[in-house]
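Subject: Handing over a structure

Hello,

Here is the structure I promised to pass on to you. Please have a look at it, and then read on for what was found.

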Amino acid sequence: MTPKKYAVQDFFRNPERGFFRLSDDGANLGFMEPHSIDGQPARMNICVQALDGSTPVGPVRRLTAETERDISQFFWKGSDTLIYEKDFKGDENFHVLAVDIGSGAVTDLTPFPGVRASIEDDLEDDPDHILISHNGRNPEVFDVYRANIRNGQLTLVAENPGNIVGWQTDHLGRVRAGIASDGLHTTLLYRDTESDEFKPIITTDFRTVVSPQFFTPDNRCLYALSNRGRNYLTLVIIDPAEPDQEQVIFGAISNDLDGAGYSRLRQVLTVAAYHTDKPQYHFFDEISAQRFARVSAMLEGYEISLQSSTRDESKYIVAAYNDRTPGSRYIYDDTLNTLDKLADINPVLAERDMAAVRPISYPSRDGMTIHGYLTLPVGRPAKGLPCVINPHGGPWARDGWGFNPEAQFLANRGYCVLQMNFRGSTGYGRQFWEASFGQWGLAMQDDITDGVQWLISQGIADPARIAIYGGSYGGYATLAGITYTPDLYAAAVDYVGVSNLLTFMNTIPPYWKPMLTKMHSMVGHPEDDRERLIASSPALNADRIKTPLFIAQGAHDPRVNKDESDQMVAALKARGVEVEYMVKDNEGHGFHNDENKFEFYERMEAFLALHLKPSSGS
């Protein structure tokens, strides 16, 4: 029996309440809710409510009044201040702001137009300051400042000499390490104190990763993720006195590690996280392992994540989710071993009506194993289905297991959805990543095409009713799919996608320029590899395209310039090929405002229905 058809808004609207965070002392709960202010569309704004134990009590107080865009993220600074970030029309030039929960006063700590700021360290032991970085002095690099959250005063802590692409503080908030890059080589810099000069301790080519996570408890050595001399990112300790002697702490068998955790309270390494077909955790201390086991036993059938804690680590925000629901949020009291529910993130969608996300794998034409996820519509035989192929963005990222509103929306409309981690996807080791270099539109695209052929060979897909849809690099793969395999797809949706590999790298934001040499090595050099880049640029080969196409683009996209979509549309319209074009002036790299998301998915639904006819066939 097929499930009920849910409205587009049911999949993509913001939660009525979400993004929960506990104050350091556990006396208050921070969260975000959509609020309409002065008749403007509702935006996610920060609210607080007092806690009696684990129970929210008393009035909900809204602290922010954002009307243009949702607040992207926030956290507690101590127990009386909240720190949040906001950008403007999707330009990703984020400001860092502080709001006093008592007075409601908001202080913009980085009130500089066209400047991108981010938080380096919350300085947990300093009640009045945080460390931020911004590119106000030089748009290409980020300096570190100590920001006074009370009056907004900034004090320079570390000036970027021009080649540092990342900073690392120790447990006292001192800037002690940095990552320098000339594009092709990466150097780990270290100093004993902030008054010392940085000294290089490890230099590798960009294919080798040595990524500091945090300092050891004594602030002498660094925990890092490293693949020096190995295929997979592994957790190691690096002693600056003997930097070439890595002490291996933990590595997964056939996957890169994603990160590690640390208890500030107990000053111990707690966990390493990685992703096989599903999320995995390896615990280093018994307290963390037992806590995770206790909470998991209370939430059987769901993956859990501990998202926020009080400073004494006695209470935690717990997220519980699976592939068929974004789930619920709770407060877990570690002392009482109790779990109190705060909210369901999307109670409108019944879990029983959503589709299971099945990990799959298939062979590429040159013998690699490509992993991915298959979402089949509920209540329909897995035979002769209309299908949407959904390659991820990045491209040096990956799809993982969990609740995906796009896949569930499409499955609810009768489509099967295939997501694949083509070569270059992260998490599968260095060799798999390197296999993507110079392969945009070539072997990377073949991996996607091989996934389509696998779906057809399994009898799952109706070969006449297959569409391709993706965003960012996935948008490029969409355009490449209908350019180089024009008979494979009946429809295509390109969402903020690259179309011209020559112009794309000329319009990247200034703070990506230190990495441009690396991009040339990984994608292609505009002069040395010009012929290949032209041959693999859909906008320059639009004469091959015959598939109906829908393109969506944010006007203020700093990553994939609007010109990438404009030139694709112009090239197709000149040939009379059907192309639908949607541009939103108040968006950037992807749509974040609810009203734009709803319009995009409604238009996508109508477009796919017209060309794939999901109600016909099996």
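Tyr 6, Phe 11, Phe 12, Phe 409, Tyr 469, Tyr 495, Phe 550, Phe 600, Tyr 601 and Phe 607 make up one aromatic cluster. Rings of Phe, Tyr and Trp (its six-membered ring) are paired if their centres lie within 6.5 Å; planes under 30 degrees apart are called stacked, over 60 edge-to-face, and the rest tilted.

Before you go further, please note that this is a predicted model, in which local features need pLDDT of at least 70 and side-chain atom pairs count only at pLDDT 80 or more, while totals for chains, interfaces and linings use all residues. Residues are numbered from 1 along each chain as its sequence is written, and side-chain values use heavy atoms, with hydrogens and water left out.

Back to the rings. Searching the whole structure gives 31 aromatic pairs. Helices (H or I, at least four residues) and strands (E, at least two) are DSSP runs, numbered from the N terminus. Phe 250 counts as buried at 14% relative accessibility, whereas Phe 284, at 27%, counts as partly exposed. Buried stands for under 20% relative accessible area, exposed for over 50%, and partly exposed for what is in between (1.4 Å probe, protein chains only). Trp 433 and Phe 437 have ring centres 4.9 Å apart and planes at 80°, so they too are an edge-to-face pair; both residues are buried.

Next, helix H11 (residues 594–612). H11 has 19 residues and spans 26 Å from first to last C-alpha, close to the 27 Å expected at 1.5 Å a residue; the expected span is 1.5 Å times one less than the number of residues. Its buried residues include Phe 598, Phe 600, Tyr 601, Met 604, Phe 607 and Leu 608. Just after H11 comes Lys 613, with a positive phi of about 45°.

Which residues touch the most other members of the largest nonpolar core? They are Ile 389, Trp 440, Leu 455 and Tyr 489, in a core of 51 residues. Such a core is a set of buried Ala, Val, Leu, Ile, Met, Phe, Trp, Tyr and Cys residues joined through side-chain atoms within 4.5 Å. Helix H6 (residues 473–484) gives the most to this core, namely 6 residues. A second, separate core has 32 residues, among them Leu 349, Ala 467, Ala 491 and Phe 600. Setting aside neighbours within four places in sequence, Trp 440 has contacts (heavy atoms within 4.5 Å) that include Pro 395, Trp 396, Tyr 473 and Tyr 476.

Finally, there is an open sheet of 4 strands in the order S24-S25-S26-S27, with antiparallel pairing; two strands pair if DSSP finds at least two bridges between them. Strand S24 (303–309) and strand S27 (338–344) are at the edges with a single partner strand each, so one side of each has no neighbour in the sheet. S24 is joined to strand S25 (residues 315–322) by 6 bridges, and Ile 304 has Ala 320 in S25 as its bridge partner.

Enjoy exploring!

Best wishes
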